[in-house]
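Have a look at the structure first, then read on.

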Amino acid sequence: MPRSIELRTTIAQHVPPVVADASQLQQVLVNLGTNAWHAIGDGAGHIDVELHHDTADDSAVLVVR
């Protein structure tokens, strides 16, 4: 990723452990980040990756903006 793009991460407190294949999760995050980078284009920008806990059904929710 070029220096003109800032990657910002936020992990909410009290998020339970994620039960998933680490390499698959890493690949998803890399793909989402790459797609976001291409959408930004040649200019400066930022990519926000957030992890929040949804207490309605005890599932974790990953939000990528």
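This is a predicted model: local features need pLDDT of at least 70, side-chain atom pairs count only at pLDDT 80 or more; totals for chains, interfaces and linings use all residues.

Residues are numbered from 1 along each chain as its sequence is written, and side-chain values use heavy atoms, with hydrogens and water left out.

Helices (H or I, at least four residues) and strands (E, at least two) are DSSP runs, numbered from the N terminus. H1 covers residues 22–40, and its end C-alpha atoms are 27 Å apart, which agrees with the 27 Å that its 19 residues should span at 1.5 Å a residue (the expected span is 1.5 Å times one less than the number of residues).

Thr-34 sits in H1, and its C-alpha atom is 7.9 Å from that of Met-1, 33 residues away along the chain.

A search of the whole structure finds 1 salt bridge (a side-chain nitrogen of Lys or Arg within 4 Å of a carboxyl oxygen of Asp or Glu). Arg-8 pairs with Asp-48, their closest N and O atoms being 2.6 Å apart. Arg-8 lies in strand E1 (residues 5–11) and Asp-48 in strand E2 (residues 45–54), so the pair ties together parts 40 residues apart in sequence.

The table uses these classes: buried is under 20% relative accessible area, exposed over 50%, partly exposed in between (1.4 Å probe, protein chains only).

| Residue | Relative accessible area | Class |
|---|---|---|
| Thr-34 | 28% | partly exposed |
| Leu-32 | 35% | partly exposed |
| Arg-8 | 33% | partly exposed |
| Asp-48 | 13% | buried |
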